[in-house]
Structures are given as structure tokens and as C-alpha cells.
Amino acid sequence: MANVKFNYLYRDGSNFKRWSNIVFSNPNDLPLEMVEKALENAFSKDGLFIAHQVRVPEVFLYSDGDANADDHCYHEIYEVTRSSEIPTESHGRSIDQFISEVQRAAIRGWLVFDPFERWLGRFSPL
């Protein structure tokens, strides 16, 4: 049984990027094609999602208070791959559980926010 590595990134409006990944356990040995399809169907067009809504670490390029017009709230999926690495998922979720959480978030809707407003403490979905 191989684990699943979820590779994602934050890309600002000027196309600067910061990458990250999470390794999930895969106790039911889900095929990668099934994982990819389930996530693609749940994320918004172009594979975009709001990281904190599905308990994924945000990897924004800006630090507290210096968000600018290029910054937005979306992260994007890059790929999922098989991995022999040990799981790094900090909430103990398997890939099945992560997919379920992403699907529930998609049904509720991706709650867009302004990063600068969030820093000011006036965070509310747009």
C-alpha cells in the first residue's frame, strides 16, 4: 500500500509561486486516478481551493500586513502522486477522509476572502 502525496501551491497575480505538499495515508489503496478525479470535481475551476477550509496549511507569499493587489485567497492543486514517505498530514486524516472533507467544503461553497482584510482582523467571506 502506497501513501498519497498531495502537491499544491499558492500562485500570486504576478505568477510567483510557493509550493507545499502533504502525504496522506491510503489504507483503502485508492487508485490515483480516483483520487485526482474526486479532488478535481470538488475544487473550483482550474483546481482552486481555499486552504483553511479543508485544514491545509496556507503557503501565501506575503507575510502579515504586506498583502498587495497581486494577492488573493486561493491555492491550487498541482498533482497527486504515490509516495513511500510516511504520512505528514497533521490532523491524522487518510486520503479518503481528506476527499470527504474537500467534497463537503465544495458543497458548502468556497468562501472567498481578501487577504489584507483578514490581516486587519476584518476577515469575512466576500
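This is a predicted model: local features need pLDDT of at least 70, side-chain atom pairs count only at pLDDT 80 or more; totals for chains, interfaces and linings use all residues.

User: What makes E2 and E3 edge strands?

Analyst: Start with the order of the open sheet, which is E2-E1-E4-E3 with antiparallel pairing. E2 and E3 each have a single partner strand, so one side of each has no neighbour in the sheet.

User: How do you know that E3 and E4 count as paired?

Analyst: Pairing takes at least two bridges between the strands, and E3 and E4 have two bridges, in the antiparallel sense. Look for Phe49, which stands opposite His75 in E4. H1 packs on this sheet, touching E1 and E4, and its direction makes about 165° with that of E4.

User: Why are the buried residues of H1 said to be on the same side?

Analyst: Those residues are Leu32, Val35, Ala38, Leu39 and Ala42. They cover an arc of only 135° around the axis, so they sit on the same side of H1. In an α-helix, residues three or four places apart point the same way because there are 3.6 residues a turn. The cover over the buried residues of H1 includes E1, E4 and helix H2, while the face turned away carries the exposed Glu33, Lys37 and Asn41.

User: How do you know that Asp12 has no salt bridge?

Analyst: A salt bridge needs the charged atoms within 4 Å. For buried Asp12, the nearest side chain of opposite charge is Arg11, 8.0 Å away, so there's no salt bridge. Asp12 is in the loop between E1 and E2, and its contacts beyond four places in sequence are Leu61, Asp70, Asp71 and His72.

Note on methods:
Residues are numbered from 1 along each chain as its sequence is written. Side-chain values use heavy atoms; hydrogens and water are left out. Helices (H or I, at least four residues) and strands (E, at least two) are DSSP runs, numbered from the N terminus. Buried means under 20% relative accessible area, exposed over 50%, partly exposed in between (1.4 Å probe, protein chains only). Lys and Arg count as positive and Asp and Glu as negative; His and the chain ends are not counted. Contact means heavy atoms within 4.5 Å. The arc is that of the directions from the helix axis to the C-beta atoms. Axes are lines fitted to C-alpha atoms, for helices over the stretch in contact, and angles run from 0 to 180 degrees between N-to-C directions.
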